[in-house]
Amino acid sequence: MHYEKLIYEHAPKWPYRVLYGQETEVSCDVLVLGGGIAGCWAAIGAARKGARVVMVEKGAVKTSGAGGSGVDHWHCTVMHPASKITPEEYTQANMDNFYGWRNGIMQYIACKESYDCLLELEKMGVKIRDSEDEFKGAEFRDEATKMMFAYDYTAKYCIRVWGTNAKTALYKECQRLGVIIINHVMITSLLNEGGVQGGRIVGAAGMDVHTGKFHVFKSKSTVLCLAQARRTWVFSTELTGFRVEAGPPNESGDGHAIAWLAGAELTGAEQSSQANGAAFGYPQYGVGNAGNTWYACTIVDAAGKEIPWIDRDGRVLKTVSERYRPAPGQKYFLGMGGRKPHYDYASPKLAVPGADDFHRYDAGVFQKAGITLPFYADLPSMPEMERKALWGLMIGQEARTLIPIYQTYNQAGFNPDEDMLQGYECGWGGIGPPQWRQARGGGLLTDWDLKTNLEGLYAAGTQLFSPGDHAYAATTGRYAGRRAAAYALGAGDVEINSKQVAAEKNRIYAPVKRKHGIDWKELNAGVCKVMQDYCGDIKNEELLKLGLKWFEEIEAGEAASACARNPHELMRLLETFNVITFGKMTMEACRARKASSSYLGFKRLDYPEVDPPEWNQWLTIKLDKGNVKTGRLPLDFYGDMVKNYNAHCGLR
Amino acid sequence: MAKEDIRMFPNIVTPSNPVIFDEDVCTGCNNCVELCVMDVLMPNPEKGKPPIVLYPDECYYDGLCVKNCPLWQKGAIKLNHPLNQRVRWKRKATGEHFRIGMPDPPPPNNRPPVGGWDAKA
């Protein structure tokens, strides 16, 4: 007898009223899909222009998204009066640091508007300055504005903030501006005019993840603010809980998948990199290390021997203070760089002897250097202001840290004045095999309005290609919201294609009509195995074609007979379908790049030449009448940034 | 030995216990249920009782259920890192070793973060 039957007979009733197939329709000027950082700012930007805005979120806007639990440093604040860099310089530095493989539109918008967004966030109630003078006299504090900088204390382009309540503040601001917020609804598809792929976007379909109710949204313009795709190569709910990457694992590439199927053009989709950390390491920011939020903590070995910090020329830095300053002859350094930091902007770094990019250790080198494991982050030896900023402020306010790290560790007796937190491979620990990968920045291609190739569809945040973090999401969200509102307020009425809606309903409810079939977890794990084996570190045409064949078989077989027993399982299953779509799109993009690339971490066995000049271009990809169409764009396709920004930003 | 009530069980999912409720403190307001981004929690059919941790294996440990609980400082809800996530540290002066979740922990450090637990402008 199957155990399942016994469980079924004794399981409690689903706590929400189940409304499978029941339909409700909402109309608006601007539809914002996703209520994370980009989504909230897009809704705010659009509502301020007088548009009727509806924002739809799979979780609850107050807490959802990768920025839902906070932000501790706000990037690109080069408009701060004390900053030594112009937006143009800082944009160029970032572009150079990625050797041109970066979204110039997004980068320049962030540089122009990041500081302004931060000041707006303060008006919404988020603390951004040391008004109580707790850090008075610290070398990273600007005495005039009482704001505090991170990374490069000379150039001053990144501000430390108390952002743990950022999402609550944004949520309240959206409410104040009359944005209609619809929580717990997963968007399952975009709706095209006439139901034709590539046609104008006239709305979206979705499902309430508690009740299973069907939602139709009709809109003059739509801003896609859904998340980066995760769960694509690595899936496990068992290893460390459901932490497959940095963001919440309900980020299943929904936005990329629905945009792709609607005919939107994407670029950079062939990029992936080895995943490090989340799925097999330790709680993020919760181990001794020296990067990101922990920049630039002193690291010692088990015997207390200090690991040196060096500058870009290999000079050993004698003081902690020097770790926050440019090298002799360097105007500034970038705190968070690309794959292989450009010499001009290379930051001081911890020189663990023999360690590679993934912090793997070399026993021979360690023996010679006399290093004893484990490593520790020596917080007690750090200057008091740095220690307080690191553990008291940033670990208190960074995403996923206030409760999981700060409160939990302190309650367990950790005291930064006395204790050294253990490091694990000097990162967040846990090195996976090379085929355990993560998507690395493929996304929607837009013009300077942040409008995609599809009429009526705009994109922001991690929906854009080569996305950044919190400040990038905020600035591009606000910008896209403005532009989408301007478009909507001048656009005529739209009509939803009833056939497209009916087909979507059939698709999404099929799994709840089945009594047996594969469950979402086994399906997701299987899909990831295909990605690891056929779209892993080393690729060739035969592997990629086999991978696509695998996915076609899965779609016609296991996925087409998958089963969901309640709305929650149905949501996870629909997410997993999106993972399949995302995987297929990634493989098509990988097939189209017939060259290896050092910048993209892209290795083709059948095209071994690395970085041939004719392939130093963006590869674009879209579906047209169901067929994959690819194209090319020069890396600097965005043109004259100043001119284009001024012409499109909608602020003048 | 007395007769025990031994039954057949499927394996427990891992990790199985991401959040711990104190039934005496939790009022069953379901704020955490509403705000959990992963929908790990379900309202208890019995009103006023702590939520049911229905999908413990889907927790991603952002701690927002705790932070948004009006009674978290009274212990209504606690985040519980699984065993393989419990990080160690060393006291510099004495060389003593400690870890998250150790049986005989040092006294808690009750210092609030800079700006307090609920920093505002």
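**Between the chains**

I started with Met420(A) and looked for its bridge partner in S5(B), which turned out to be Lys90(B). The strands involved are S17(A) and S5(B), residues 88-91 of chain B; they run antiparallel and are joined by 3 bridges. Helices here are DSSP runs of H or I with at least four residues, strands are runs of E with at least two, and both are numbered from the N terminus. I kept in mind that this is a predicted model, where local features need pLDDT of at least 70 and side-chain atom pairs count only at pLDDT 80 or more, while totals for chains, interfaces and linings use all residues. Residue numbers start from 1 along each chain as its sequence is written, and chains are lettered from A in the order in which they are written.

**A helix pair in chain A**

I then checked H12(A), residues 520-534, against H14(A), residues 567-592: they pack at about 15°, axes 9 Å apart. The axes are lines fitted to C-alpha atoms over the stretch in contact, with angles from 0 to 180 degrees between N-to-C directions. H12(A) and H14(A) are therefore roughly parallel (under 35 degrees; over 145 is roughly antiparallel, 65 to 115 roughly perpendicular, the rest oblique). Residues making the contact include Trp520(A) and Leu523(A) of H12(A), and Leu573(A) and Ile580(A) of H14(A). By class, this contact has 8 nonpolar, 3 polar and 2 charged residues.

**A sheet in chain A**

I traced an open sheet of 4 strands, order S3-S6-S5-S4, with antiparallel pairing (strands pair if DSSP finds at least two bridges between them). S3 (73-74) and S4 (141-142) of chain A are the edges, each pairing on one side only. S3(A) is joined to S6(A), residues 159-160, by 2 bridges, and Trp74(A) has Ile159(A) as its partner there.

**Arg17(A)**

Last, I found Arg17(A) in the loop between H1 (3-10) and S1 (23-33) of chain A. Buried or exposed? Arg17(A) is exposed, with 10 other C-beta atoms within 10 Å (exposed is 12 or fewer, buried 20 or more, partly exposed in between). I also noted that its C-alpha is 8.7 Å from that of Gly212(A), 195 residues apart along the chain.

How values were computed:
Contact = placed C-beta atoms within 7 Å. Nonpolar A, V, L, I, M, F, W, Y, C, P; charged D, E, K, R; others polar.
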